[in-house]
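Please open the model in your viewer and keep the selection panel at hand. The tour goes through one stop in each of two chains.

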Amino acid sequence: MKSLPSRAVLCALLLGGAFAPAIADETCNSPFMSGLIKGQEQYLHVWTLGEKGVGDGSDKLVTIDVVPGSATYGKVIHTIAVGGRGEAHHMGFTDDRKYLWAGRLDDSKIFIFDVGSDPSTPKLVKTVDNLAESTGYVGPHTFYALPGRMLVQALSNKKDHGGVTGLITYNNAGELVTTTPMPLNDGGDGYGYDIAINPAQNRMLTSSFTGWTNYMMDLSQLIQDDSAMKNFGNTMVMWDLKAMKPLKVFSVPGAPLEIRWALKPGANWAITAGALTSKLYLIKQDDKNEWQAKAVADVGDPSKIPLPVDISISSDASSLWVNTFMDGTARLFDLSNPEAPKQVYAKKIGAQVNMVSQSWDGKRVYFTTSLLANWDKKNADNEQFLKGYSWDGKELREDFVVDFHKEGLGRAHHMKFTARAQKAEAP
Amino acid sequence: MSVLPFAIRRSAATKPSRSPPPATLRVATSPQGGGIARVLQALALLFCVGHAAAEDIQSPLGLPPVPAMVAGTPAMRRLGEKLFFDRSLSANGTLSCAMCHIPAQGFASNQSALSIGMEGRSLRRNAPSLYNVAFKKFLFHDGRETDLAAQVWGPLLAADEMGNSGIGPLIARLRADVEYGPLFEASFPGEGATMMTLGRAIAAYEAALLRGGGRFDRAVYGGERAALTPQEWKGYELFIGKAGCAACHVLGPETALFTDQSWHNTGVAFRSGATGGKRLVQLAPGVLQNVDIAAIGLAQTGAPNDVGRFEITNAPTDRWAYTTPMLRGVSESSPYMHDGSLRTLAEVIEFYDGGGGANPSLDPKIRPLGLTPDEKAAIVVFLGAL
């Protein structure tokens, strides 16, 4: 498979202006998505890792009603068990928002759910189960909508289960279109993790994590394994999106994970967090219009390895939620000067916390707990929940909790919003 | 140096140019193991193989002949190679033999100290290299298996490795498979896919993973003195002399397997059990952090205890004892020791120079060596030539 992915389609959309940044919905979504939620989200879908001894022990998509005033507000209203424990991890909508792709990092299966027909009861419509054999890569992590395509960032490869990997392009029907290796020259380490596109600039950023051996390994063992600790990504890559060619490799030490572009008009910068080095990094053009990456803030006390994981940027790019897994704390950073973010608020969410999602208006913030099955804490500290909060600009106030252990569900990981009454975004 | 799957021709003189220690050499010149099953297996192999095909693997300079019964036929080895790399042989389609025995990493794994198995479960030991495994009399770090074809089923059935819940379903699937069914039938006429033929096919592939005929062999067994540098020769002299390495990593007059086919307590396991507390952790290149593992809540590794050969024999003298690994291609297969606790060959030499890890069952051959820095460096360089 050597054809370039949807170049013509991308060009047409870029030139036609259909890429105008979304002014609704979650701030981490692909700018190529339509059908965005304006206003109140109605359902949360949580991609949940099966856990031995908890319920049926199987990975599942869990749907929770979050309509205020609903009789089932804050309750589980639907689940689909997909069978087995394959390290359920992240999800992403197709560009038409009708389908939700959900990946597993262990057995590399991708499950495609219909969430457009009736978002309260998603249906599994297809399983892609040949990713490793058809591409050589394993660990489908990020699912990022392109026009008529789904761009998937893998984490590892089937040759040595290390971190050298690539991008995979599928069409919306789940058929393989092409693969693109992560760069190994000009400073590239070949690793991958997240994808974030700035269509106005024709730029795509990717970040880097680690391979199967490390993300599947017990975290305590990993941090004491000198051979394994060498195998983390330390780069980000700026790509020419239309050409799908790497333009520049940035040195970003310590596993830079989630990437968020500022969505404020005219703000051409992105931010990420280095998980191991506990730093925020800014990716921005310098005075000569050259893209650069630099550390701009510490997250907590880096000597204690707080492990910043998911981040969520506000729609006006004025603030950033940063979760630190090890102390279970959500931290809010003021980004009014992105060159010098400052922590202005913190709240302990639980013994551990990983993912954070906020509504477009920032008034609702949701948190889940699981990082990776063998990285999650043990025994009593292995809390597994979804918590919904209201944010008034000063304080997080808890609205509801779904205890994923008491409900017999497993480990709560990635969240995505849907709504029955969603409207297509005007161009 | 040669890493030659399949046909290899001996092309240089076999007489050693020097005189490595001769007395303790034990070469696998006959099939491994014994018993009626072994005889029946040999007869079955001869029936369907024939002498010419069985002799197809020819050892390079410095290695003994590959036992014909393990070598199998070219068809078996091709089938074995396919099986070796096939992830669908594990319960969830994630792990193949090659995921822990990675060809580019000395058929071991540089990825981690301990192997990672089904659903990320941590195994107790480091994946050993498969170079020259056809000559090993005792397989696994604790030597609990003696038959290479039977060994295959250990990882296939272990719940924390490849996780197959039973033998029958896997064999039935292979028989019904449009590719495997005919391949098994062609490789094992009249037998097809069985528990035994699957093991024999993979063993046949592994038997061809020969590492020999390299600079060391040309220098020591081929009379080509210039094949090793002066520093490597110095390392060799130390290896067979002052450092005492060859007492366990044995060299013979015509071949060298670098193992005494036995097991020893070097103190690594005992020492490993005593570690903990603060440790220096590399968070990124050049970013080192002294981390109190317990203080950040990561003290529970869940790593089970490991007392080595003692678990097999119940003999107190075997406590914390592990088989002597072969050393061909050793520079490729870091980290080292049964638990991967030593990252580099320099650390290994340093460990032995310090007299190993003191414990009640320490092998008497392990003693402080008094090596100079130059001598230690020379041994490391020599090992790199194997």
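In which sense, parallel or antiparallel, do strand 13 and strand 14 of chain A pair, and over how many bridges? Select strand 13 of chain A with strand 14 (residues 235-240): they pair in the antiparallel sense over four bridges, where pairing requires at least two DSSP bridges between two strands, and helices (H or I, at least four residues) and strands (E, at least two) are DSSP runs numbered from the N terminus. This is a predicted model, in which local features need pLDDT of at least 70, side-chain atom pairs count only at pLDDT 80 or more, and totals for chains, interfaces and linings use all residues. Residues are numbered from 1 along each chain as its sequence is written, while chains are lettered from A and ligands numbered from 1 in the order in which they are written.

Within that pair, Met204(A) has Trp239(A) of strand 14 as its bridge partner.

Now turn to chain B and select helix 15 (373-384), whose twelve residues reach 17 Å from first C-alpha to last, close to the 16 Å expected at 1.5 Å a residue (the expected span being 1.5 Å times one less than the number of residues). What covers the buried residues of helix 15 of chain B includes helix 11 and helix 14 (345-353) of chain B, with "buried" meaning 20 or more other C-beta atoms within 10 Å of a residue's own, "exposed" 12 or fewer, and "partly exposed" in between, C-beta atoms being placed from the backbone. On the other side of helix 15, Pro373(B) and Asp374(B) are exposed.

Technical notes: Contact = placed C-beta atoms within 7 Å.
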